[in-house]
Amino acid sequence: MKNKLLKLSMWQGIIAAVVFVINYFFYHFVTDNGITLTWQPEPGKPFVADLIGQLGVLFIFGSVVCLLCAFILFDKTDRNEENK
């Protein structure tokens, strides 16, 4: 179970990084007129960028919680592996 939680934590961290890259794109390259290829210093859609950023933060929170649960709730050795 510890290995599964560690793997889940890793995947949530990867997904959070991808969501933050998408958030950067929405913050700087999406305007009211659509998608532009020029970098904008201010967000064109700040509400959408904020919601995407909150999703990334939730994924990071889930990753940290899974990592802490893996280390706090389970021993260093997996009991199922000892029985084999």
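These questions and answers walk through a predicted model.

Me: How many disulfides does a search of the whole structure find?
Reply: A disulfide needs two cysteine sulfur atoms within 2.5 Å. The sulfur of Cys66 has its closest cysteine sulfur in Cys69, 6.5 Å away, which is too far for a bond. The search of the whole structure therefore gives a count of 0.

Me: Is Cys66 buried or exposed?
Reply: Buried means under 20% relative accessible area. Cys66 has a relative accessibility of 12%. So Cys66 counts as buried.

Me: How many aromatic pairs does a search of the whole structure find, and which residues form the edge-to-face one?
Reply: The search of the whole structure finds 2 aromatic pairs. Planes over 60 degrees apart count as edge-to-face.

Me: Which residue forms a stacked pair with Phe25?
Reply: Planes under 30 degrees apart count as stacked. The pair in question has 25 degrees between the planes, with the centres 5.9 Å apart. The partner of Phe25 is Phe29.

Me: Where do Phe25 and Phe29 lie?
Reply: The two residues are 4 residues apart. That is about one turn of the helix. Both lie in helix H1, residues 2-29.

Me: Which residues make the nonpolar surface patch, and what is its area?
Reply: The patch is made by Ile60, Val64, Leu67, Leu68, Phe71, Ile72 and Leu73. Its area is about 680 Å².

Me: Where does Leu68 lie, and what is its relative accessible area?
Reply: Leu68 is one of the patch residues. Its place is in helix H2, residues 46-73. Leu68 is partly exposed, with a relative accessible area of 47%.

Me: Which side chains meet in the salt bridge?
Reply: The structure holds 1 salt bridge. The N to O distance is 4.0 Å. The two side chains belong to Lys45 and Asp32.

Me: How many residues apart are Lys45 and Asp32?
Reply: Lys45 is in the loop between strand S2 (34-35) and H2. Asp32 is in the loop between strand S1 (30-31) and S2. The pair links distant parts of the chain, and its members are 13 residues apart.

Me: Which residue's backbone oxygen does the side chain of His28 reach?
Reply: His28 lies in helix H1. At 9% relative accessibility, His28 counts as buried. Its side chain reaches a backbone oxygen at 2.8 Å, and that oxygen belongs to Gln40.

Me: How far apart in space are Trp39 and Phe29?
Reply: Trp39 is in the loop between S2 and H2. It is partly exposed, at 47% relative accessibility. Trp39 and Phe29 are 10 residues apart in sequence, and their C-alpha to C-alpha separation is 5.8 Å.

Me: How far apart in space are Gly13 and Phe59?
Reply: Gly13 is in helix H1 and is partly exposed, at 30%. Gly13 and Phe59 are 46 residues apart in sequence. From C-alpha to C-alpha, the separation is 6.7 Å.

Me: What separates the C-alpha atoms of Trp11 and Asp75?
Reply: Trp11 has its place in helix H1 and counts as partly exposed at 48%. Along the chain, Trp11 and Asp75 are 64 residues apart. Their C-alpha atoms are separated by 22 Å.

Notes: Residues numbered from 1 in each chain as written. Predicted model: local features only at pLDDT ≥ 70, side-chain atom pairs only at ≥ 80, totals over all residues. Heavy atoms only, no water. Buried < 20%, exposed > 50% of the residue type's maximum accessible area, 1.4 Å probe, protein only. Phe/Tyr/Trp six-rings, centres within 6.5 Å; stacked < 30°, edge-to-face > 60°. Patch = residues over 30% accessible without salt bridge, like charges linked within 9 Å, V, L, I, M, F, W, Y side chains within 5 Å. Areas by Shrake-Rupley, 256 points an atom, 1.4 Å probe, with all protein chains shown as cover. Polar contact = N/O pair within 3.5 Å; in protein donor to acceptor, adjacent residues only side chain to side chain.
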